[in-house]
Amino acid sequence: MMHAVFSKNGSKSLIVLGIETSCDETGVAVYDSERGLLADCLYSQVKTHARYGGVIPELASRDHVRKTLPLIREVVEDAGIELADLDGVAYTAGPGLIGALLVGASIGRSLAMGLDVPAIGVHHMEGHLLAPMLEESPPEFPFVALLVSGGHTQLVQVDGIGHYALLGESLDDAAGEAFDKVGKMLGLPYPGGPHVAKLALSGVSGRYKFPRPMTNRPGLDFSFSGLKTFVRNTIAEETDAAGELAPQTRADIAKAFEEAVVATLAIKCRRALEHTGLKTLIIAGGVSANLHLREVLESNMAKVDGRLYYAKPRFCTDNGAMIAYAGCQRLLAGQSNDLAIEAFPRWSLESLPALG
Ligand code: KG4
Ligand code: ZN
């Protein structure tokens, strides 16, 4: 649906509420197209799911039901505005867990109807992809985006908002999923990514060398499940008769795994930049918070006179700010959704309408 864009105070600026409930974080934020991010709040369900070693969808939906409205009240107050000042509402409409998505979609769509403002369903990965735009010196289009989250690993050529060409993606596990599974194998809490990264800090480089999957043949797709099996076999070989893995060995395995994932991602990024002729790379999604990944890519980009961009760590993982920002750009362009409450567990990034 297209309509004229007018904010409540008649100016061209828009104040947009963003709601993220696609997985295990309830994220809510207020973004003003003139003044930038006004406030953001996050409730992480990690404690709820930790004892099960992974996200339990029904528990995730119930927690979103409990937390979304209180967080909306909190973020509106933090932003120093009233609900009535909102010019639009953006919510994550997919991809993600259907029950969890429907909580944000129902609340977002209904709130917009009550306030008589437009609502927009945002693609979760577009939210991640645009998160570096929230930083003080944002990247300029066009660029190559490496999206590395718990559910997706994708390389995308981005020529503008909605101008997305998928260059490659994971054929099996996503990078974050591989981190989480290896974390579990090493007896670390859920989600494994940040814990594996922390353990790797005390690991010695070079004791193990794990494979860099799919780098010795052309193409930009990824596969991390073989690497995961390699880690499992190494752990089995190094575990003693009492079932113990020496602390240094655990750290060395975490290090070798992190190095293998980062090297693989870096090789594919270099290829994607060569293939597109672009000099700007952005990384987004939970794994883009990984410091080793940032260091390696930063130094690679410096060598080719290019630039690397990423969001601050709290906007790498799931958050409401990226949804408010992406939704605001689409609302400014006159896009919005009708009254239907819709959510899409699977949704292709390339199917999104282009702006401009
Ligand atoms: O983007 P995100 O918050 O959620 C999804 O959309 O999936 O990404 C979560 C993923 C998890 O797999 C988590 O383990 C991983 O990001 N992650 C990390 C780090 N921080 C979060 N992986 C490696 N190193 C980190 N520092
Ligand atoms: Zn995410």
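**View 1. Leucine 281 meets its partner in strand 10.** The bridge partner of leucine 281 in strand 10 is leucine 308. This view, like the others, shows a predicted model. Strand 9 (residues 280-284) and strand 10 run parallel. Four bridges join them. Strands of a sheet pair through backbone hydrogen bonds, either parallel or antiparallel.

**View 2. Five strands make an open sheet in the order 8-7-6-9-10.** The pairing in this sheet is mixed. Strand 8 (163-169) and strand 10 (307-310) stand at the edges. Each has a single partner strand, so one side of each has no neighbour in the sheet. On average, neighbouring strands are turned by 25° against each other, direction ignored.

**View 3. A hairpin links strand 7 and strand 8.** Six bridges join these two strands, which run antiparallel. Glycine 160 has histidine 163 of strand 8 as its bridge partner. Two residues lie between the strands of the hairpin. In this hairpin, glycine 162 takes a positive phi near 85°.

**View 4. Helix 5 packs against helix 8.** Helix 5 spans residues 175-185, and helix 8 spans residues 247-276. Their axes come within 11 Å and cross at roughly 175°. An angle over 145 degrees counts as roughly antiparallel, so helix 5 is roughly antiparallel to helix 8. From helix 5, Ala175, Ala178, Phe179 and Val182 make the contact. From helix 8 come Phe257, Glu258 and Val261. By class, the contact has six nonpolar residues, one charged residue and no polar ones.

**View 5. Aspartate 252 is a buried residue in helix 8.** Its relative accessibility is 2%. Because buried means under 20%, aspartate 252 qualifies. Leaving out residues up to four places away in sequence, aspartate 252 touches Ser202, Gly203, Val204, Arg207 and Tyr208.

**View 6. Three protein residues hold donors for the zinc ion (ligand 2).** The donors are His124 (NE2), His128 (NE2) and Asp318 (OD). They lie 2.0 to 2.1 Å from the zinc ion. Along the chain, the donors follow the spacing H-x3-H-x189-D. Histidine 124 and histidine 128 both sit in helix 4 (residues 124-130). They are four residues apart, so about one helical turn separates them. Both histidine 124 and histidine 128 are buried.

**View 7. Another open sheet has five strands in the order 3-2-1-4-5.** Its pairing is mixed. Strand 3 (36-44) and strand 5 (119-123) are the edge strands, and each pairs on one side only. From one strand to the next, the twist averages 20°.

**View 8. Strand 4 pairs with strand 5, and helix 3 packs on the sheet.** Strand 4 (residues 88-94) runs parallel to strand 5, with five bridges between them. Glycine 94 stands opposite histidine 123 of strand 5. Helix 3 (residues 98-115) touches strand 1, strand 4 and strand 5. The direction of helix 3 makes about 160° with that of strand 4.

**View 9. Helix 2 lies across strand 1, strand 2 and strand 3.** Helix 2 covers residues 57-78. Strand 1 covers 15-20, and strand 2 covers 25-32. Helix 2 runs at about 150° to strand 3.

Methods: Residues numbered from 1 in each chain as written. Chains lettered and ligands numbered in written order. Predicted model: local features only at pLDDT ≥ 70, side-chain atom pairs only at ≥ 80, totals over all residues. Heavy atoms only, no water. Axes fitted to C-alpha atoms, helices over the stretch in contact; angles between N-to-C directions. Parallel < 35°, antiparallel > 145°, perpendicular 65-115°, else oblique. Contact = heavy atoms within 4.5 Å. Nonpolar A, V, L, I, M, F, W, Y, C, P; charged D, E, K, R; others polar. Pairing = 2+ DSSP bridges. Buried < 20%, exposed > 50% of the residue type's maximum accessible area, 1.4 Å probe, protein only. Donors = N, O, S within 2.8 Å, 3.2 Å for Na, K, Ca; no water.
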